Amino acid sequence: MSVTVRVPAKVNVQLAVGAARPDGYHDLANVFLAVSLYDEVTATPADGLRVTCAGPDADQVPLDRTNLAARAAVALAERHGHTPDVHLHIAKDIPVAGGMAGGSADGAGALLACDALWGTGASRAELLDICAELGSDVPFSLVGGAALGIGRGERLTELEVGGDFHWVFALAGRGLSTPAVFREFDRLTEGVDIPEPAPSQPVLAALAKGDPAALAVACANDLQPAALALFPELSDTLAAGRAAGALTALVSGSGPTTAFLALDAESASDIAGVLRASGTCRDVRTAVGAAAGATVV
Ligand code: C5P
């Protein structure tokens with residue numbers, strides 16, 4: 001018997017970042033939107049813990065106990081007093097180290113898959129608790145849809161979404177490390193008085209209305225200058241997408257994936273074609289949000 005869970009990627013339609021806290025994390029006002037790019041995590045009984053991965057970026061995925069999927073299995077097993085004897089296979093479609101919460105998706109997926117496989121019967125609250133221990137973006141991968149994350153980004157309030165948002169994602173030739181991007185944010189803002197991060201009412205209103213033009217005007221990512229400083233070529237990708245008719249272009253989370261909001265599905269497909277031919281990125285994908293969170297398939 002095995003259990004497969006499908007988990008979406010995310011884009012941040014608002015990422016407001018506060019000053020570094022004493023623990024090194026940053027307080028955020030993080031508006032997550034789940035989009036229809038998915039990883040699938042399959043849990044199968046095994047002697048001991050094993051992780052395998054397949055997909056275009058599989059060679060960049062660690063298969064040891066640092067993998068968030070492995071850490072999720074260990075965390076759940078420990079809480080329930082048994083050993084994590086499971087083979088976790090990740091069918092990876094979300095870009096690795098791309099700012100789309102691919103690792104977090106695998107953590108949330110493994111947690112839900114092991115819970116079902118082992119018949120743990122963990123409550124939603126317990127699962128969310130374990131997710132928050134695993135990483136700041138992991139609770140959102142479980143929940144999906146759209147949500148405001150405060151604190152490190154792990155304290156979620158689900159948000160209303162009034163219609164489909166069509167996106168194009170340009171995948172970069174290399175990854176960016178999230179801690180490195182936050183460190184660059186600290187360097188760029190040294191001596192600057194950073195306001196408390198707060199959710200943007202225009203962003204929440206545009207999501208609730210399902211209005212891509214309004215969302216395009218309102219969305220903002222405070223990590224974008226830091227990502228561009230570490231990866232200046234991303235400016236060319238952003239410019240190519242804007243010139244192709246995107247309503248807006250921004251770095252997804254800590255990057256380096258760039259995200260382009262389109263008016264509709266047809267426009268997304270046109271923008272994707274132009275970006276593919278532009279020579280400014282490794283690959284191009286289209287996706288729709290809001291997508292459902294981690295789901296047993
Ligand atoms: O929580 P997670 O392990 O996913 O975070 C990865 C890294 O990103 C942290 O070690 C930290 O450097 C940075 N981070 C941060 N503030 C947040 C979330 C992440 O500085 N709110």
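Analyst: Let's start with a term we will need: a residue is buried when its relative accessible area is under 20%, exposed when over 50%, and partly exposed in between (1.4 Å probe, protein chains only). The model is predicted, so local features need pLDDT of at least 70 and side-chain atom pairs count only at pLDDT 80 or more, while totals for chains, interfaces and linings use all residues. Residues are numbered from 1 along each chain as its sequence is written, and side-chain values use heavy atoms, with hydrogens and water left out.

User: Is threonine 42 buried or exposed, and what is its relative accessible area?

Analyst: Threonine 42 sits in strand 2; strands (E, at least two residues) and helices (H or I, at least four) are DSSP runs numbered from the N terminus. The cut-off for buried is under 20%. Threonine 42 counts as buried because its relative accessible area is 19%.

User: Which residue's side chain makes a polar contact with the side chain of threonine 42?

Analyst: Contact means heavy atoms within 4.5 Å, and beyond four places in sequence threonine 42 is in contact with Ser2, Val3, Thr4, His87, Leu88 and His89. A polar contact needs a pair of N or O atoms within 3.5 Å; within protein, one must be able to donate a hydrogen and the other to accept it, and residues adjacent in sequence count only if both atoms are side-chain atoms. At 2.7 Å, the partner of threonine 42 is threonine 4.

User: Let's move to strand 5. In which sense do strand 5 and strand 2 pair?

Analyst: Two strands pair if DSSP finds at least two bridges between them. Strand 5 (residues 146-150) has four of its five residues buried, and its alanine 146 is the bridge partner of leucine 33. With strand 2 (residues 26-45), strand 5 has four bridges, and the sense is antiparallel.

User: Which residue in the turn between strand 5 and strand 6 has a positive phi?

Analyst: Strand 5 and strand 6 (residues 155-158) also pair in the antiparallel sense over four bridges, and glutamate 158 is the bridge partner of alanine 147. The two strands form a hairpin with four residues between them. The turn residue with a positive phi, about 70 degrees, is glycine 151.

User: Why do the buried residues of helix 6 lie on the same side, and what arc do they cover?

Analyst: In helix 6 (residues 201-209), the buried residues are Val203, Leu204, Ala206 and Leu207. They are on the same side of helix 6 because they cover an arc around the axis, taken from the directions to the C-beta atoms, of only 165 degrees.

User: Which residue caps the N-terminal end of helix 6?

Analyst: The face turned away from the buried side carries the exposed Gln201, Pro202 and Lys209. At the N-terminal end, a side-chain oxygen lies 3.1 Å from the backbone nitrogen of valine 203. That oxygen belongs to the capping residue, serine 200.

User: Which helix supplies the largest share of the lining of the largest pocket?

Analyst: On a 1 Å grid over the protein atoms alone, a pocket is an open set of points with protein on both sides within 12 Å along at least five of seven lines, and lining residues have an atom within 4 Å of a point. The largest pocket has a volume of about 1100 Å³, the space filled by probe spheres set on the points. Of its 44 lining residues, the closest to the centre are Leu68, Ser104, Asp137, Thr178 and Pro179. The largest share, five residues, comes from helix 5.

User: What distance separates the C-alpha atoms of alanine 259 and leucine 171?

Analyst: Alanine 259 is found in strand 10 (residues 258-262) and is buried, with a relative accessible area of 0%. Its contacts beyond four places in sequence include Trp167, Val168 and Phe169. Leucine 171 is 88 residues away along the chain, yet the C-alpha separation is 9.1 Å.

User: What is the phi of alanine 101?

Analyst: Most residues other than glycine have a negative phi. Alanine 101 lies in the loop between strand 4 and helix 2 and counts as buried at 10% relative accessibility. Its phi is positive, near 65 degrees.

How values were computed
1 Å grid on protein atoms, 1.4 Å probe; cavity = no way out; pocket = protein on both sides within 12 Å on 5 of 7 lines; lining within 4 Å.
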